[in-house]
Amino acid sequence: MLKGTISPSITPMTKDGAIDYGAWGDHLDRLMNAGIHGILIFGSIGELYSIPAEEEKTAIAWACDHVAGRTALLVGTGGNDVREVIDLTNFTHARGANATVIVSPFYFGPSPDFAIEYFAKVAGSTESPIILYNFPDRTGSDLNAGIVEKLAKANPNIIGVKDTIDSIAHNRTLIHAVGDKLSIFSGFDEYYVSNRIAGGAGVISGLTNIVPEIFVAMHEAYESGDYAGALAFASRISGFMRLYAVGDNFIHTIKTAVRLRTGSDMFTGTREPYLSLTGEEVDRLRNLIDEVTA
C-alpha cells in the first residue's frame, strides 16, 4: 500500500500561460532528490481545472518519461465529463503512471447515489489504480465513509483516498472504515501525525513543494519510532501553515515560495485571472520560510 509524504506538484507556467517544462523538470527533480515518496501532477495545486484534456495528455506523457520510476507518480484525471475522465485515466495508465487521483464532479455537488454511480462507472472502465479525491470545499459534496466503503467493496482498483477536509475526525472515520484495504491520506499538511496514529498512510500536501526534506524527515522519524523527532518536524510544519493565509490564491503563493526557497527565476503566476502578491506579502513568505528552515 502506498504511504508517506506525497507532493501535489505545482505546474510552472510561462508568462503567456504555456507549461514551462524546463522549470517543471527542475522542480520534480528537486522533490525526488529530497526523497519524497510520490508526486501528484494535476491535483488542485497543479491547476487541473485550467488544463484542457489534450494538453494534459502531452504533459502526462512528459511526466511519465521524466519521473521514469524514480518515485511513485500519480496523475489527477478528474472532471465533470465522465467520458473525458475515463479517456484520461486510461491514457495515464497506459503511459505507466502508478495511479490516478479522481476528484468528485464539481459545480452541482453530487448526491451519495450519484457519487457512487460516477466513480463506479470510471473504476469499471479502467484498469488504473484509483485514489478518490475528497475536497468538499471545491466540489460541494463529501465522500464520507459509507460512500467510500461501498465503492471499495465493489471496485478493487480503488486503492486509496485523499481526504482534503479540515477535520481529523473525518479522516479518522475513513481510516477506521476502510484503512485496512485502502491508503487513506490527509490533504492537510499538518495532519500527518494524527493520520498515522489512526492507521492512515500519510499526507498529500502542498507545502511539500517548498520544504520536501522536512516532510521526508518527519516520515522517516515516525517510521523509525522516533516519535519525538516526528513531532518536532510536525510542529515546524504547523507553524508554516500560516503561508496559506498569504495572498489571494494559495497556488500562486506556493509558487512564489518555491521561487524564494530555490532562488530560481521561475514565473510564479497561474493561468489568469490571478492577483500578484504585494511586496509586503512576499516579505511575509520569506520570513515564514526562514522560520521553518532555521
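Visitor: Why does isoleucine 237 count as buried?

Guide: This is a predicted model. Buried means under 20% relative accessible area. Isoleucine 237 has 2% relative accessibility, so it counts as buried.

Visitor: Where is isoleucine 237 found, and which residues does isoleucine 237 touch?

Guide: Helix H10, residues 227–240, contains isoleucine 237. Leaving aside residues up to four places away in sequence, isoleucine 237 touches Asp189, Glu190, Leu207, Ile214, Phe215 and Met218. As for serine 104, 133 residues away along the chain, its C-alpha atom is separated from that of isoleucine 237 by 28 Å.

Visitor: What makes H6 roughly parallel to H7?

Guide: Helix H6 (residues 145–154) packs with helix H7 (residues 168–178) at an angle of about 30 degrees, and their axes are 9 Å apart. Angles under 35 degrees count as roughly parallel. H6 is therefore roughly parallel to H7. The crossing in which H6 passes H7 is right-handed. On the H6 side, Ala145, Val148 and Glu149 make the contact, and on the H7 side Thr173, Leu174, Ala177 and Val178 do. By class, this contact of H6 with H7 has five nonpolar residues, one polar and one charged.

Visitor: Why is H11 called oblique to H12?

Guide: Helix H11 (residues 250–262) and helix H12 (residues 279–293) have axes 10 Å apart and pack at an angle of about 60 degrees. Roughly parallel requires an angle under 35 degrees, and roughly perpendicular begins at 65. H11 is therefore oblique to H12. H11 and H12 also cross in a right-handed manner. Thr253, Thr256, Ala257, Leu260 and Arg261 of H11 meet Val282, Leu285, Arg286, Ile289 and Thr293 of H12 in this contact. The residues in the contact of H11 with H12 comprise five nonpolar, three polar and two charged.

Visitor: What percentage of the residues in the protein chain is buried?

Guide: Of the 294 residues, 56% are buried.

How values were computed. Residues numbered from 1 in each chain as written. Predicted model: local features only at pLDDT ≥ 70, side-chain atom pairs only at ≥ 80, totals over all residues. Heavy atoms only, no water. Axes fitted to C-alpha atoms, helices over the stretch in contact; angles between N-to-C directions. Helix = DSSP H or I, 4+ residues; strand = E, 2+ residues; numbered from the N terminus. Parallel < 35°, antiparallel > 145°, perpendicular 65-115°, else oblique. Left-handed = near helix turned anticlockwise from the far one by under 90°. Contact = heavy atoms within 4.5 Å. Nonpolar A, V, L, I, M, F, W, Y, C, P; charged D, E, K, R; others polar. Buried < 20%, exposed > 50% of the residue type's maximum accessible area, 1.4 Å probe, protein only.
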